Amino acid sequence: MTDSRPAMISFESVDVVYPGGVRGLADVDLRIDDGEFIVIVGLSGAGKSTLLRAVNGLVPYTSGTLTVGDEVVDPHSRRRLRRLRSRVGMIFQSFNLVSRISVLHNVLVGRSSQTPTWRSLLGWYRPEDREIAFQSLERVGIVEKAYVRASTLSGGQQQRVAIARALAQDPEVLLADEPVASLDPPTAHQVLQDLRRINRELGITTIVNLHHLDMARRYADRVIGMRGGRIVFDAPVEEADDAAVEEIYQRSLTADDVAGSVDLDRDGSDGGAPGAQDR
Amino acid sequence: MSTRVEERRTTRGEPGSQRPVRPRPSVGSYLALLAVAGVLLVLFVRTTTSTLSLSFGLFSVPLTVSIAGVLVVAVLALGWRLRTGPLLVLGVMAVIATCWWAGSGIGFTLSPLWEDLHRARPVVDGFLNPNWGFIVRVWDQWVVTIAMAVVATTVGCLIGLLLALGASPVSSPTTWTSQLIKAANSVVRSIPDIGYGLLFVAMLGGTAGGAGPMAGVLALVMFNIGIVAKLTGETIDSVDLGPVEAAAASGASLAQRNRAAVVPQILPGFFSYTLYTFELNIRASVVLGIVGAGGVGQVITVQLSHFSYSNISAIMIALVAVVLAVDYLSLTIRRRLT
């Protein structure tokens, strides 16, 4: 967070107004440095997802300046958006794999921006791209599933394939939009550990949206709190105590907010199958 | 505990004395319906064109009028008994009245089927004695028919797939393009296969000019484009958008996104539609042959002009067999696809 280094991502009074007139982001100023691991917390509708999607232009911002690396995000130029997106990997709550094709081909979708269109259309990828895809799968530990149909994998495995797909882009930034909300708590922790490890090993700047406060505290370098499209909290993880989070949520914490740690402890002591926690 | 069980038993004994009852529709509305029924009956009697009647010895009643009248009264009675709302009953009566109007407008009657039977005699005789040898004698025309269907299915479905990708807002470059291609598809679809047949036969010349099968193939291609673009386009509308968004987020171009995230999702549906159009093409190519596009249909036209009903009979039977075989084959393949 030193100002001497250039920022990886910077928001300067960025607004997002959706076509229906709903305000997604309101006057957001934010500076994210290279290699940071940031967790965004906030209630549903607080603007977490909008913030992430503004970074790679999936949601166009309507005013202000948004910069990724040394390039200003231009939501109106398809060509520049594609170039930007090739540098920004993204993973989703529902994994978003193509279920009918193999794991390897799902990961190869991440190589699209570096692949000539005719090769993509034929499904005939270059050997070096396949090698990159295999290395990405190795990094998340499921290289042996390369030729299996994506639909046959479990939720946790599917999310790892999605991470491999993002890694295959060789990205500078990784955006994770509620990556563990569809997973049971032990699997969720494994996926977050993977993300954390990749952040450390490859130095990829990572922004994660999370619901569970305990997971945020466990993995983040820095916690950002959002409410009503505004950033209402931004501090190193040590300062994100219960009082701070109650301020973000504007209500007292419930057991549900901190569900993560309880489940992990349970899982550690009795060796898994925490059926009661699978809501 | 035991008393509760006791209570439950006793309440179960008397069925629903306290149950809410469906409110009875107002008597006034049903009186109005009765009046409508009366008007309808008068209308039936006044407009009937049928001469058929039911005789009960001393007197006789016109057949069609009695059927329609009984239907109207039955609907009214059933509606009252089931406490149906008056609007629904009125709707059913309107349907009966519309059918009456349509049927009497075209003078619909089944009586020629038995009254003019003697005229059909030679036709029926011919059909009952099919000339089996004729099927084999025109085998080359069978080949033409099947070949037309194969070529037209392949070309038509590929073009249809491209148009479907252009037509769906999911896979189209802009909403503007999507609207335009959708409109074009509607126009293509609005002309029936026989219309295309007549058009291309007129343009290229029919069997006499040696271009019959080509005209037939072109007609079938247009017919297939319409069907496949419509069905596949609707399948694309309903694909899972998640993978499409993921591909977009990784920097894929539109073509790459469609190839990687849309096509795999719609492929089973598309193959199924392709097999379905192949079935349709076998049937349609016969009809197209009749307007001069070659194949077995052409044979039928020629035999019809010679009044060789036993030859036509054999062709018809063989056609049913071929269509059933193709049906069965495509059903088997389609089952494996999903």
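Is B:Arg83 buried or exposed? I looked it up and counted 11 C-beta neighbours inside 10 Å, so B:Arg83 is exposed. The scale I used calls a residue buried if 20 or more other C-beta atoms lie within 10 Å of its own, exposed if 12 or fewer, and partly exposed in between, with C-beta atoms placed from the backbone.

**Ground rules**

I note that this is a predicted model, in which local features need pLDDT of at least 70 and side-chain atom pairs count only at pLDDT 80 or more, while totals for chains, interfaces and linings use all residues. Residues are numbered from 1 along each chain as its sequence is written, and chains are lettered from A and ligands numbered from 1 in the order in which they are written.

**Entry: positive phi**

Most residues other than glycine have a negative phi. I found that B:Arg83 has a positive phi of about 55 degrees although it is not a glycine. B:Arg83 lies in the loop between α3 (63–81) and α4 of chain B. Helices here are DSSP runs (H or I, at least four residues), as are strands (E, at least two), numbered from the N terminus.

I then looked up A:Phe95, whose phi is near 65 degrees, a positive value in a residue other than glycine. A:Phe95 sits in the loop between β6 and α3 (103–108) of chain A. A:Phe95 is buried, with 26 other C-beta atoms within 10 Å.

I located B:Gly103 in helix α4 (residues 86–105) of chain B. B:Gly103 counts as partly exposed because it has 15 C-beta neighbours inside 10 Å. Its C-alpha atom is separated by 9.9 Å from that of B:Thr48, 55 residues apart along the chain.

B:Leu110 is in the loop between α4 and α5 (112–115) of chain B. With 8 C-beta neighbours inside 10 Å, B:Leu110 counts as exposed. I found 51 Å between the C-alpha atoms of B:Leu110 and B:Val263, which are 153 residues apart along the chain.

**Entry: helix pairs in chain B**

Two packed helices are described by the angle between their axes and the distance between the axes. Axes are lines fitted to C-alpha atoms, for helices over the stretch in contact, and angles run from 0 to 180 degrees between N-to-C directions.

I started with helix α12 (residues 241–249) and helix α13 (residues 254–293) of chain B, whose axes come within 9 Å and cross at roughly 150 degrees. α12(B) and α13(B) are therefore roughly antiparallel to each other (under 35 degrees counts as roughly parallel, over 145 as roughly antiparallel, 65 to 115 as roughly perpendicular and the rest as oblique). Their contact involves B:Pro243, B:Val244, B:Ala247 and B:Ala248 of α12(B), facing B:Gln256, B:Arg257, B:Ala260, B:Ala261 and B:Val262 of α13(B). Two residues are in contact if their C-beta atoms, placed from the backbone, lie within 7 Å.

Next I took helix α10 (residues 193–204) and helix α11 (residues 212–237) of chain B, which pack at an angle of about 145 degrees with their axes 8 Å apart. Residues of α10(B) in this contact include B:Tyr196 and B:Phe200, and those of α11(B) include B:Met222 and B:Phe223.

α10(B) also packs with α13(B), at an angle of about 35 degrees and with axes 9 Å apart. In that contact I noted, among others, B:Ile194 and B:Leu198 from α10(B) and B:Val287 and B:Leu288 from α13(B).

**Entry: where the chains meet**

The contact takes 17 residues from chain B and 22 residues from chain A. On the side of chain B that touches chain A, α12 and α13 each supply at least two residues. α13(B) gives the most to that side, with 7 residues.

I also checked helix α2 (residues 78–87) of chain A, where the buried residues are A:Leu84, A:Arg85 and A:Ser86. These pack against β4 (63–68), β5 (71–72) and β6 (88–91) of chain A together with α12 of chain B.

**Entry: cores**

A nonpolar core is a set of buried Ala, Val, Leu, Ile, Met, Phe, Trp, Tyr and Cys residues joined through C-beta atoms within 7 Å. The largest has 128 residues, and A:Val41 and B:Ala219 are among those with the most contacts inside it. α13(B) provides the largest share of this core, 15 residues. A second, separate core of 10 residues includes B:Leu33 and B:Val65.
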